[in-house]
Amino acid sequence: MTSEQPLVLLEHARKSFGGTPVLKDISLSVRRGEVVAVIGPSGGGKSTLLRCCTLLETLDGGRLAYGDLVVAEEDAAGRAVYAGKAALKEAKTRFGLVFQNFNLFPHYTVLKNVTDAPLHVQKRPKDEVMEHARALLAKMGLAGTEDKVPCELSGGMQQRVAIARALALDPDVLFFDEPTSALDPELTKDVLKVIRDLAAEHMTMVIVTHEMSFARDVADHIVFMDGGVIVEEGPAEQVINRPQHQRTRAFLAKYEGE
Amino acid sequence: MEFATMMELLLSGLAFTVQIFLVTLVGSLPLGVLVAFGRMSRFKPIALVTRFYISVMRGTPLMLQLMALMFGPYYLLGLNMGGDWKYWACSIGFIINYAAYFGEIYRGGIQSIPRGQYEAAEVLGYSKLQTFMKIVLPQVVKRILPAMSNEIITLVKDTSLAFVLGIMEMFSQAKAIAASQVSMLPYVIAGVIYWVFNFIVEIVLTRIEKKLNYYHD
């Protein structure tokens, strides 16, 4: 892989649900070490974009590649044609996803939530996986919770477990789908801090968020989506502080004073 | 008749009762999984056939189903199934009847697992089989246990329906003794034994429920 090649490359993505277009010709490119924040009103297509990138939804049209690995290619008719099973499986090792509702496995302990996939999907050696998991949990401020089950933890802690679970698979890029939307403002802080720390370590991330000041601080690049299109994108500071487009300005005005 | 003789007869009946109970569980608990998946199948013919089967099993009396299995082969096909057929008819009848109920309970449990659990497993790279066995199934077991307890306790009592096939389980024994001795006592004792049986079943199921109480969702 050359260093210029983007880790995630989405081109001309189209997606409709029951005839209603949700993504209209979306292109997104994420370079190694880059943090991209996706902002915009609800129903603007942000989550669908993330779900298409993480293979939870299939594109109707467009192209998707993870580095040198082509996941979906457009055919002559403009339909997205997906790669074979093996390639899709390989692609899944390249990204992680953190959900709005954590989606931890409630019947597993914290440690098992983090270690089960590395052990039984990636089949990595147990000692290495355990050590990595404990280090990740400690980094998330979760040392001592290894043997608890998710329901014994606060929402903020659960979300940090979910982040550790995603990181345990050593993904190239981590996607976040409104990681703090299900949390009380009090608990939001710790989750945002963890993401900030990851950004400082140059973890490649794509974050759908409603936290504007956080987006401005942590992201290199901000994408503003509305109505299934990218209305405006650019350097974080520019999009938040000097938005060019009327719709961006109107949207950001609602968050002013935050 | 001496009390000891009466107890001996009733306990020999209990042996059949327990046997019907265990055979039914061993057969219908796994068969129910097949029923649940058949019912949820995206292949329409399978889903429809399974739905019809469940509807018949739940919609007609178990006693009638047992009779149909017992005498159907002879009346419909002229087949003489031999003296042991009643035990086969009994086992098959109970198993396919209970599999229908269990299948519906399983289905309810499987469909109650949030979408997000499947999505999390998918993103982490779990295979379909791994997702079901490791993520979905353990959570389903916990969710369906109260409903399953109800069915299992009903099964203990339903074993008495085997009397229509001439199987000498406990209820048949009680009935026979009561008739010959003109006494209420065998019914009372059988009733107590059924209750004790179910009391043990309750204790076992409660213990499993407690064991799964280490988490909630």
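Modeller: In this predicted model, G96(A) has L174(A) in β8(A) as its bridge partner. Four bridges join β7(A) to β8(A), the strand of residues 173-177, and these two strands run parallel. They belong to an open sheet of six strands in chain A, whose order is β7-β8-β9-β3-β10-β11 and whose pairing is mixed. Because β7 (95-98) and β11 (229-235) of chain A each have a single partner strand, they stand at the edges, and one side of each is left without a neighbour in the sheet. From one strand to the next, the twist averages 15°.

Across β3 (35-39), β7, β8, β9 (204-208) and β10 (221-226) of chain A lies helix α1, residues 46-53 of that chain, which runs at about 145° to β8(A). From chain A we can turn to chain B through R51(A), whose side chain meets that of E119(B) in a salt bridge, at 2.6 Å from N to O. On the side of chain B that touches chain A, α5(B) gives the most, with seven residues. The count between the two chains, B and A, is two salt bridges, and 11 residue pairs are in polar contact, both residues at pLDDT 80 or more. Taken as a whole, the interface brings 19 residues of chain B into contact with 23 residues of chain A, and the two chains bury about 2,000 Å² between them, 62% of it on carbon and sulfur atoms.

Methods. Residues numbered from 1 in each chain as written. Chains lettered and ligands numbered in written order. Predicted model: local features only at pLDDT ≥ 70, side-chain atom pairs only at ≥ 80, totals over all residues. Heavy atoms only, no water. Pairing = 2+ DSSP bridges. Axes fitted to C-alpha atoms, helices over the stretch in contact; angles between N-to-C directions. Contact = heavy atoms within 4.5 Å. Buried area = accessible area lost by both parts, 1.4 Å probe. Salt bridge = Lys/Arg side-chain N within 4 Å of Asp/Glu carboxyl O. Polar contact = N/O pair within 3.5 Å; in protein donor to acceptor, adjacent residues only side chain to side chain.
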